[in-house]
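I opened a new notebook page for this structure.

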Amino acid sequence: MRYLAPTSLDDAVQLLASDPGDCRILAGGTDLLVRMRSGMAEPDSILDIKRINDLRQITAEDGGWRIGAAVSSAEMNEHTALKADWPGVVEAGDLIGSTQIQGRCTLAGNLCNASPAADSVPAMVAARATARIVGPDGTRDVPVEDVPTGPGKTSLGKGEFVASIFLPAKADRSGDAYLRFIPRTEMDIAVVGCGLSLTLDDAGICTDARVALGAVGPKVIVVDAAAEALIGTQVDDAALDALAAACSNAATPIADKRGTVEFRTHVAGVLARRAATIAKSRAGA
Amino acid sequence: MALDSKQQLDTLDFKVVGTRPLRPDGIDKVTGRARFGADITAPGMLVGLVLRSPHAHARIKSIDTSAAQAIDGVHAVVTSADFEKITDDDFTADILDNCMAGEKALYDGHAVAAVAASSGAIARRALKAIKVDYEVIDHVTDVDEAIKPGAPVLHAAGGNESVPECSSPNIMARYEFGHGDIDAGLSQADRVLERTYRTEATHQGYIEPHACLAQIGQDGQADLWCCTQGHYMVRNTCAAIMGIDQGQLRVTASEIGGGFGGKTTVFLEPVALMLAKKSSRPVKMVMSRSEVLRATGPTASSSVDIRIGMTKDGRITAAFAELRYQGGAYAGSPVEFGAMSAFAPYDLEHVKTVGWDIVTNRPKQAAYRAPGAPMAAYAVESAIDELAKGFGLDPLEVRLKNAAREGTVASYGPTYPAIGLEATLRKAKDHPHWTAPLGENQGRGVACGFWFNFGGDTCVSLNITPDGTATVSEGNPDIGGSRASMSMMAAEELGIPYEKVRTIVADTGSLGQNEVTDGSRVTFAVGLATIEAARAAKREMCKRAAMTWGIDEEAVEWKDGAAHPAGPNAGSHPPLTLAEIAATASNTGGPIAGHHEANPEGAGVSFATHMVDTEVDPDTGAVKILRYTVFQDAGKAVHPDYVEGQFQGGAVQGIGWALNEEYIYGEDGILQNAGFLDYRIPVASDLPMIDTVILEIPNPGHPYGVRGVGETSIVPPLAAIANAVSEAAGVRMTQLPMSPPKVLAATQAD
Amino acid sequence: MSKIHVTTSINGDPTEYLCDPEETLLDVLRDRLGMTGSKEGCGTGDCGACSVTMDGRLVCSCLVLGAEADGARIDTIEGMAEGDKLHPLQRKFIEHAALQCGICTPGILVAAKSLLERNPDPTEEEARYWLAGNLCRCTGYDKIIRAVLDTAAEMREAS
């Protein structure tokens with residue numbers, strides 16, 4: 001196995017494109033090293049992107065935030081302005097594994113690992129985040145929900161990787177939240193996750209909303225009906241009931257060691273309701 | 001010297017025992033210097049790895065190791081063919097078969113071959129090169145399914161003579177205990193409750209995976225370094241399997257990173273010895289976490305039927321339990337202990353328990369803290385709680401009404417001497433926790449628990465150094481602070497400061513046979529032997545003083561760390577301190593030591609009452625532990641910090657068992673959660689502080705009144721939490737773990 | 001397969017080693033450098049027994065490649081005491097009997113030190129959540145949390 005540690009993005013693109021074998025991107029390593037240890041991944045090369053300075057930055061851009069693919073959850077959590085704009089996304093990153101894991105794990109890694117239960121993905125989707133993908137054919141920006149295509153699978157082409165995540169400018173009177181259900185209080189994979197963002201007008205009427213569910217389908221589910229249940233309402237009990245029902249309806253979970261179909265379906269609605277309440281208060285209602 | 005123990009207990013004025021000195025292994029453990037199983041190396045050492053069955057049940061038709069052996073850097077490959085078959089000892093034969101599968105792989109993770117290579121990478125490559133031809137056969141992992149007609153059979157020979165004819169061949173043994181006439185007793189009841197309770201298998205969950213380093217010479221002399229609860233057991237078992245003399249195998253116990261019963265047998269050690277023998281090199285083996293979960297002893301899963309009759313004023317008129325435990329692929333589930341302990345806390349006229357030892361395609365169970373008792377107590381204490389609450393009675397009062405006391409004939413046979421159950425119940429009833437207000441969706445549960453405690457073969461050697469300090473050699477790995485406790489008891493007896501005594505865990509070449517660190521026996525039995533060894537040394541020192549003074553040795557007494565002339569000679573000479581006697585020992589007969597070897601009786605049974613508050617989230621079924629208090633009789637708490645630590649640790653393991661820990665098998669019989677990610681032991685943020693109340697009802701069988709405390713604390717939590725959750729959720733929970741999907745389903749079905 | 005040459009600092013000591021590309025920092029520490037204070041409880045980042053800090057950031061050394069340490073500063077349990085002077089956390093852990101078997105202790109101490117460096121006055125809840133990735137099976141965490149909070153109080157008073 002080879003360990004590659006380029007210091008520029010161009011070098012990284014070139015190394016990845018020219019690598020003849022199975023070359024994996026190493027960002028935080030919290031998934032890749034676990035897979036390697038279990039024998040599930042046996043790469044020929046590892047390309048560590050953490051020595052590329054640009055990818056380690058959180059940068060203000062167009063009123064929003066560009067987060068390099070090598071920025072850890074802990075670094076995001078320590079970034080006061082980012083956290084003030086997108087607390088839901090930051091908290092989602094802060095729920096991944098332990099303090100130790102959060103010191104290493106990244107949004108881009110969480111996205112590209114393509115676990116249906118990835119904590120940060122529903123939060124990013126709710127925030128309308130985009131991923132900047134680089135590769136031999138250039139650079140393209142895609143909505144994050146288009147990156148994972150199923151468990152462990154992504155839409156990235158040969159030689160492509162995610163260089164950064166962009167969180168757009170936060171609208172006035174908007175708020176986001178991410179909640180997940182786990183059996184313990186920490187250290188578990190989400191049994192259900194729900195990311196939600198919403199915007200209110202001056203009268204407290206919801207003018208925009210976006211709801212995404214994790215761990216209840218092969219990939220993150222954007223629930224338009226759930227957003228519609230909130231838009232035009234004061235996010236009152238009736239709207240929350242409709243939101244919860246829409247989320248439970250949209251959930252298509254499997255039963256596994258972490259939860260039953262019935263449980264996940266029900267809890268998807270419960271979490272959506274709770275997340276909406278938090279997002280609403282963050283929007284200043 | 002030989003004071004009547006009861007009289008002594010009343011008059012003893014402890015100076016060291018009962019205080020909280022710093023532990024002698026503390027600095028090594030906070031600086032990273034302490035050496036655990038995986039921390040030792042040897043020159044020229046090879047890495048040993050195990051190939052494990054990917055099938056739950058399969059006939060091993062052939063194993064081709066030639067390709068593995070041909071890899072450069074591979075020095076030995078071992079399969080069951082390398083071991084002599086054991087025909088005269090079923091117990092050891094099962095251990096060997098579990099360490100290296102013979103004709104069949106009996107569970108997912110069962111060892112089928114092992115390699116020793118010059119690096120881990122080469123060893124991993126060698127494992128992949130071994131070709132095993134399996135014939136997969138039907139499997140069964142559920143305890144109740146395993147005894148249905150037509151279930152896959154693990155061992156054609158079936159069970160022992162205790163099993164009725166025509167029973168399922170997966171039943172290995174039947175046990176029965178009790179007295180009186182159940183039907184007659186039940187007929188006096190105002191209500192008879194019949195229920196079935198189930199628990200899942202849980203793992204001991206020690207953080208240190210099994211590890212060992214083996215070397216063996218052409219002359220048959222062998223050395224093993226390993227993490228174990230009993231290196232003498234390791235020696236005896238490995239010697240039997242390897243066909244070498246016990247005296248030729250020296251086993252040294254490393255520091256042990258948790259055991260809780262799970263390190264009371266061998267898994268790697270015989271394999272490492274065989275690899276070392278075949279390669280003529282030292283071989284180190286360390287398990288991965290997934291190997292620990294797949295292939296070392298979890299505890300049994302259980303299915304228990306209860307029938308209890310109660311009068312409306314809370315008297316239990318009769319109690320019956322039928323217990324089915326599966327202990328994995330071999331005989332020896334702890335159902336006998338379950339059947340003995342189920343009703344041990346109660347004074348019952350009519351009581352009977354029947355236990356069935358059942359095999360399934362799961363790893364061979366190993367002891368787990370009070371083996372067999374928590375599942376039985378879960379069923380019994382849940383049923384008593386339901387009956388008490390059904391009559392509108394105070395569950396603590398009901399337990400007090402039926403509590404076993406001094407003179408009670410226990411359900412498993414013996415008549416109790418002084419015991420502490422009633423004291424724990426009264427203390428619980430008087431505690432502010434019992435009357436603290438509860439909020440919405442909250443519930444409070446109580447339950448009692450019992451453990452036998454144990455003595456066992458024990459040797460202690462105590463040596464007086466020329467400068468007047470003492471060293472204690474004992475043969476039991478220190479898993480909870482026992483070196484501190486031994487030093488304290490030796491210091492107490494000798495009358496010298498704690499800091500002047502150092503206790504070590506000696507290797508198997510240094511002492512006679514020592515039982516494993518199990519059964520909550522060490523502070524009791526090794527403590528007793530330490531005290532007796534110190535007394536032997538004191539007798540010798542009194543003799544030396546008498547010689548120095550030229551008086552009769554009977555006329556010398558030991559107090560406050562010195563020999564004093566007594567009787568008619570009192571005051572005739574200034575006392576001789578331990579240090580003074582030690583300094584001149586060379587001239588008065590040579591070095592001074594005391595030793596004691598025994599298999600002490602009188603361990604003194606132990607009881608606890610636990611109280612817990614829980615909150616249930618009605619929307620998700622999540623359970624939060626709000627408050628927890630342990631009330632337990634310690635006899636005499638030698639080092640109260642460590643007694644509290646045992647209470648707290650046991651309670652939290654019980655919380656894990658009750659709420660989220662479980663072995664999850666797929667339809668294919670493969671373990672689904674072989675890692676700490678999905679085998680969910682409690683984490684710090686799951687818990688409140690665990691309050692403890694130590695009661696001290698002296699054990700007449702120990703010179704200082706000590707009772708074992710390590711195991712009882714895991715017996716009550718399962719039921720206490722189930723009772724609290726049932727109250728909070730408004731529905732009786734009869735299956736563990738009470739994971740959120742289960743709690744939510746129960747509340748929604750209600 | 002060629003080895004990688006790594007130049008790093010461990011507990012302030014300039015250190016060089018050769019490692020395989022897939023070798024973890026934990027394996028390097030334990031097997032190449034003889035620093036066995038960091039423990040492997042799981043190898044998957046779920047138990048925290050291998051906790052170290054890398055450039056001041058708390059990580060599981062089982063989820064860091066040895067090669068990644070090049071140019072970094074690594075701090076382990078072996079560097080926590082200054083000579084014979086224990087760190088206050090180490091002292092308090094002994095005083096509070098916050099360890100039983102001691103296998104999780106090095107990782108918990110490294111993690112707790114990292115907590116107190118960031119938050120000198122943690123609440124019980126903050127301490128419990130910060131340490132949630134450090135499994136302890138013996139103690140039920142009670143005495144560990146007490147020791148951490150008591151150390152924090154002592155260090156605040158001393159500063």
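I needed one term first: I call a residue buried if 20 or more other C-beta atoms lie within 10 Å of its own, exposed if 12 or fewer, and partly exposed in between, with C-beta atoms placed from the backbone. I also noted that this is a predicted model, where local features need pLDDT of at least 70, side-chain atom pairs count only at pLDDT 80 or more, and totals for chains, interfaces and linings use all residues. Residues are numbered from 1 along each chain as its sequence is written, and chains are lettered from A and ligands numbered from 1 in the order in which they are written.

Entry 1, a helix in chain B.
I took helices (H or I, at least four residues) and strands (E, at least two) as DSSP runs, numbered from the N terminus. After α16(B) comes B:G550, with a positive phi near 70 degrees.

I counted eleven helices and 14 strands in chain A. Its radius of gyration, taken over C-alpha atoms, is 19 Å. The globule rule (2.2 Å times the number of residues to the power 0.38) also gives 19 Å for 285 residues, so chain A is as compact as a globular protein of that length. Its C-alpha atoms fill a box of roughly 55 × 45 × 35 Å along the principal axes. Buried residues are 59% of chain A. I call two residues in contact if their C-beta atoms, placed from the backbone, lie within 7 Å. Of the contacts in chain A between residues at least 6 apart in sequence, 64% join residues at least 24 apart.

Chain C has five helices and five strands. Along the sequence they read β-β-α-β-β-β-α-α-α-α. The radius of gyration is 16 Å, close to the 15 Å from the globule rule for 159 residues, so chain C is as compact as a globular protein of that length. Buried residues make up 64% of chain C.

How many residues of chain A are in contact with chain C? I found 22, facing 25 residues of chain C. On this side of chain A, α2(A) gives the largest share, four residues. I sorted residues by class: Ala, Val, Leu, Ile, Met, Phe, Trp, Tyr, Cys and Pro are nonpolar, Asp, Glu, Lys and Arg charged, and the others, Gly among them, polar. This side of chain A has nine nonpolar, eight polar and five charged residues.
Next, 42 residues of chain C are in contact with 42 residues of chain B. The largest share on this side of chain C, four residues, comes from α2(C). By class, this side of chain C has 22 nonpolar, eleven polar and nine charged residues.

I define a nonpolar core as a set of buried Ala, Val, Leu, Ile, Met, Phe, Trp, Tyr and Cys residues joined through C-beta atoms within 7 Å. The largest has 410 residues, and A:C247 and A:A272 touch the most other members. Its largest share, 14 residues, comes from α16(B).
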